[in-house]
Amino acid sequence: MQLADRGLEVLNLFQRALLGAHSNLGERTIKAIWRESQPAAGAALLATGGYGRAELFPFSDIDVLILLAREPSPDERSRLESLVGQLWDVGLEAGHSVRTIAACLEAAEADITVRTTLLEARFLAGSRTLYRKLDAALHHAFDPASFFKAKKLEQEQRHAKHQDTPYSLEPNLKEAPGGLRDLHVIQWIARAAGIGNGWRDLETHGLIQHDEMRQLSRSESVLQNLRIRLHYLAGRREDRLVFDLQNALANQLGDSETPTRRASEVMMQRYYRTAKTITQLNTILLQNLGARLFPKSEVELQPLNERFRARGELLEACDEGLFEREPLAVLESFLLMQQHHELQGMTAPTLRALWRGRRRIDARFRRDPVARLMFLQILQQPRGIVHEFRRMNQYGILGRYLPEFGHVVGQMQHDLFHVYTVDQHILMVLRNLRRFTMPELAHEFPLCSQLMSGFTRHWLLYIAALYHDVAKGRGGDHSELGASDARIFCRRHELATEDEELVVFLVMNHLSMAMVAQKQDVHDPGVIHAFAELVGTERRLIALYLLTVADIRGTSPKVWNAWKAKLLEDLFRAARRVLTGETLQLDAALAEKQAEATRLLRLYALSDSVK
């Protein structure tokens with residue numbers, strides 16, 4: 001551990017030196033131009049943005065503020081224009097603004113981006129006295145509480161632009177959830193609140209613990225390293241990990257291709273896990289900072305049991321050592337979130353304790369009969385299943401309880417269909433199955449909703465969803481390997497033999513129905529009989545149909561279409577007739593086609609005899 005820390009420290013020092021060197025290079029040039037032009041009497045030149053932090057990436061813009069003591073004269077305005085032109089002439093892509101102190105305060109009041117920019121302003125040249133006046137005026141006018149609310153809203157809007165997921169196949173290292181901007185938000189709020197600028201300051205003020213501080217520092221270093229290399233590889237400002245550069249970047253980082261995975265997949269999985277860590281700690285820290293900035297009056301505490309209570313709308317562990325002392329309480333916390341609809345989240349101390357307590361989920365924990373029973377209870381609850389499984393994945397609980405799932409967290413899928421990592425796809429399939437159970441969503445897929453309503457123990461489908469792609473990236477047939485994992489799960493959790501066989505069948509054959517529907521003639525009696533023989537029973541057919549629809553819809557928003565829906569439904573209905581004893585004759589199949597053709601003719605107001 002000490003060796004790893006030393007390596008991290010060396011990498012951090014190197015990266016800070018590189019980013020600082022870029023800043024210094026631009027600074028020397030800008031100062032020389034400023035001295036030569038002397039654009040306005042008593043003015044000051046300030047660095048802002050990443051340049052203000054002295055973190056200038058190779059091809060990032062250089063942002064500067066020209067602070068004026070008063071409105072410029074026509075001559076000064078001309079010299080200011082000349083100054084900006086010279087910056088571009090020497091090759092500096094400069095983002096600039098020209099304002100007085102009053103204009104700065106007015107702009108900061110109206111625009112949270114300007115307010116943030118000014119928070120990071122750093123003196124470069126000119127009147128230091130004017131800079132100090134601006135700093136004092138900002139300090140006097142700054143409201144940390146309103147800044148916190150504004151930055152939190154801004155982050156939510158930014159995340160929404162990236163579909164609220166860090167698992168895009170070409171993620172933006174800076175702006176996407178789990179990117180550098182999520183770290184900057186914490187630092188900005190801490191600075192505005194007078195807590196400090198760095199992660200150690202947050203630790204000193206009790207907002208994070210030492211291991212969390214190390215995690216933040218390590219994650220920041222990983223993203224900075226990727227972004228620096230990405231700029232150099234692209235030869236321009238490029239903050240997205242685009243496909244064209246992923247392999248070259250992986251090779252630079254020393255990632256090697258394995259028998260089952262590309263080098264880029266190895267690198268991207270490390271990135272996704274880093275982004276996931278950042279989103280986890282960002283959530284914890286925002287809650288901690290919010291509690292610090294908005295101390296609430298005493299909220300009525302409602303005991304839920306001897307271990308947990310409700311603090312308003314938040315779940316709270318009775319003491320922060322609960323998960324370390326009683327690891328089973330980790331799963332219990334998610335079960336309680338499902339059982340108490342009034343709960344909207346967890347308190348900051350509980351989230352932090354949960355983050356630490358995840359390490360107690362080990363082989364001994366997984367063998368505990370109570371843990372196994374509780375996990376099945378989470379699957380069987382009438383509400384909150386998808387939300388809590390996503391939360392369990394977010395905080396690293398799901399991958400520890402199901403190590404086979406943990407292996408595919410952040411695993412990319414290089415094909416024409418999937419736009420999500422394997423773990424996110426699995427949770428999307430779980431979500432789609434869950435939607436079939438909700439009466440208010442029955443209009444989306446009426447047949448699926450009807451079938452699900454009559455399907456007993458539909459939570460077995462959720463288990464199949466968790467395992468259908470869990471073996472991707474291992475090599476070999478992922479359906480066979482996943483079926484083997486699913487059987488072990490069923491036996492470990494003491495499912496009935498009939499239920500075990502259904503789950504294993506679904507995982508083994510989760511691709512079969514789509515392949516038959518899309519690659520064979522679903523109106524050929526021979527094809528229908530062969531498929532019906534594979535399925536064996538009506539219950540299996542219904543389960544496979546529901547899983548197939550949920551699976552295809554979970555690959556990409558663009559993959560599902562009416563053509564695929566019609567093929568699958570035709571195959572399902574035809575196979576169901578065979579399994580329920582209605583022999584599917586060729587004449588019957590032709591009659592079906594003729595009836596469908598007649599229906600379409602009438603739909604377009606055409607005569608039945610039209611040719």
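Predicted model: local features only at pLDDT ≥ 70, side-chain atom pairs only at ≥ 80, totals over all residues.
Residues are numbered from 1 along each chain as its sequence is written. Local features need pLDDT of at least 70, side-chain atom pairs count only at pLDDT 80 or more, totals for chains, interfaces and linings use all residues, and side-chain values use heavy atoms, leaving out hydrogens and water.

Let's begin with the sheets. Helices (H or I, at least four residues) and strands (E, at least two) are DSSP runs, numbered from the N terminus, and two strands pair if DSSP finds at least two bridges between them.

| Sheet order | Strands | Pairing |
|---|---|---|
| E3-E2-E1-E4 | 4 strands, open | mixed |

Strand E7 (residues 314-317) runs parallel to E8 over 2 bridges, with leucine 315 opposite methionine 346 in E8.

In the sheet E3-E2-E1-E4, the edge strands are E3 (94-100) and E4 (122-126). Strand E2 (residues 62-68) is joined to E3 in parallel by 7 bridges; isoleucine 66 has valine 98 in E3 as its bridge partner.

Now for helix H29 (residues 562-579): its 18 residues reach 25 Å from first C-alpha to last, close to the 26 Å expected (1.5 Å times one less than the number of residues). Buried residues (under 20% relative accessible area, 1.4 Å probe, protein chains only) in H29 include Leu567, Leu571 and Phe572. After H29 comes glycine 581, with a positive phi near 100°.

Conventions:
Buried < 20%, exposed > 50% of the residue type's maximum accessible area, 1.4 Å probe, protein only.
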